[in-house]
Amino acid sequence: MVAGTATLKLNLSDFSSPMSSFSASSSSSSFPFLLSMRTPSSSSKPRFLRIYALTSNDIKVGTNLEVDGAPWRVLEFLHVKPGKGAAFVRTKMKNYITGNTVEKTFRAGSSIEQADVFKETKQFTYKDGVQFVFMDLNTYEEFRLGEKEIGDRTKWLKEGMDCNLLLWNGKVIDVELPITIKLTVVDVDPGLKGDTAQGGTKPATLDTNAVVNVPLFVNVGDEILVDSRTGQYMSRA
C-alpha cells in the first residue's frame, strides 16, 4: 500500500455558519492541512497528490502528461502567441512505454491530464539470465526488468548500485541511473612516463564491460568516475 498525501485548501469564510476551530490528522494545525490517503501499490513510500487542474500553461521541461492513455515526458516546449489566432503551446514529448518521440500542440490554457509518475529508489542486486533484478531494501520486494526496458544503460549497471525506478499505474516504465558512477578499469594499454591529462586518450574496458576513452596515464586497476548520461570519463575516483 502506498501512503499518499494530498494538500487541501479551505476558506472558512465560504461557510454560512461560523467555525471556531477545525482539526485534522496533520503535522500542522494551520491551513493548508495534509490529508492522509492510501492507494494500492507495491511500496510504502509516500506520494504527494495535488488537487488542482493542470493546464497547458503549466507545461515545462520534465512535465509528465497522460495523453491517449499513455504516459509522456515533455522534452521541449515553446509558448507561441501569433499575431492572429489563438495562442498555443508547442511541445516535443517522449512516450515512456514505446520510447517514441513526437511533437504535439496544445491550445493555450486548455486542460491537460498529468501522468501520475513517481520515483522509488531500488538497488540493483543481480542479473538473472536476461533479467535485471532490483530490490526494495525495506520490503525486500523484487522488480525484474529486461534488457529492452533498460536499453544501452545496462553497460553502466553494477551490483549494489542504487537506481530510481519510475512507476506509472503500478508498472515500472523507466530507470534512472546515478549521474556519476564509479567503475574499475580492467583492461587498457599501459600508461607511459610523462603522460598527462592533456596528452591524448586511449580506450579502456571497465568492470561492467563498458568501453570509455580515458587519459593516457590511467592504468589497469584504477577506479574512475564516469558520467552515465554521456559515457564520458570525468576523473579518477
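Buried means under 20% relative accessible area, exposed over 50%, and partly exposed in between (1.4 Å probe, protein chains only). Strands (E, at least two residues) and helices (H or I, at least four) are DSSP runs, numbered from the N terminus.

## Basis of the model

This is a predicted model: local features need pLDDT of at least 70, side-chain atom pairs count only at pLDDT 80 or more, and totals for chains, interfaces and linings use all residues. Residues are numbered from 1 along each chain as its sequence is written, and side-chain values use heavy atoms, with hydrogens and water left out.

Strand β16 spans residues 201-206, and its side chains alternate. K202, A204 and L206 point to one face and are buried.

Two strands pair if DSSP finds at least two bridges between them. β16 runs antiparallel to strand β15 (residues 180-188), joined by 3 bridges. It is also antiparallel to strand β17 (residues 211-215), over 5 bridges. T205 stands opposite D187 and opposite V211 in β17. β16 and β17 form a hairpin with 4 residues between them. In the turn, N209 has a positive phi of about 75 degrees.

Five strands make an open antiparallel sheet in the order β12-β11-β10-β13-β14. Its edge strands are β12 (142-146) and β14 (171-176), each pairing on one side only. The twist averages 45 degrees from one strand to the next; axes are lines fitted to C-alpha atoms, for helices over the stretch in contact, and angles run from 0 to 180 degrees between N-to-C directions. Within this sheet, 8 bridges join β10 (residues 117-128) to β13 (residues 161-168). F118 has L167 in β13 as its bridge partner.

Another open sheet has 4 strands in the order β5-β6-β7-β8, again with antiparallel pairing. β5 and β8 (101-107) stand at the edges with a single partner strand each, so one side of each is left without a neighbour in the sheet. Strand β7 (residues 88-95) runs antiparallel to β8 over 7 bridges. V89 stands opposite F106 in β8.

## N64 in β5

N64 is found in strand β5 (residues 64-67). It is buried, with a relative accessible area of 13%. Its side chain makes a polar contact with the side chain of Y96 at 2.7 Å. A polar contact is a pair of N or O atoms within 3.5 Å; within protein, one must be able to donate a hydrogen and the other to accept it, and residues adjacent in sequence count only if both atoms are side-chain atoms.

N64 touches W72, R73, Y96, E113, Q114, A115 and V117, not counting residues up to four places away in sequence. Contact means heavy atoms within 4.5 Å.

## Salt bridges

A salt bridge is a side-chain nitrogen of Lys or Arg within 4 Å of a carboxyl oxygen of Asp or Glu. By this rule the count comes to 11. E176 and K119 meet at 3.0 Å, N to O. The pair links strands β14 and β10, 57 residues apart. E176 is partly exposed at 26% relative accessibility, and K119 is partly exposed at 48%.

K127 forms a salt bridge with E147, the closest N and O atoms being 3.3 Å apart. K127 lies in β10 and E147 in helix α1 (residues 147-150), so the pair ties together parts 20 residues apart in sequence. E120, K122 and D136 are linked in a network of salt bridges.
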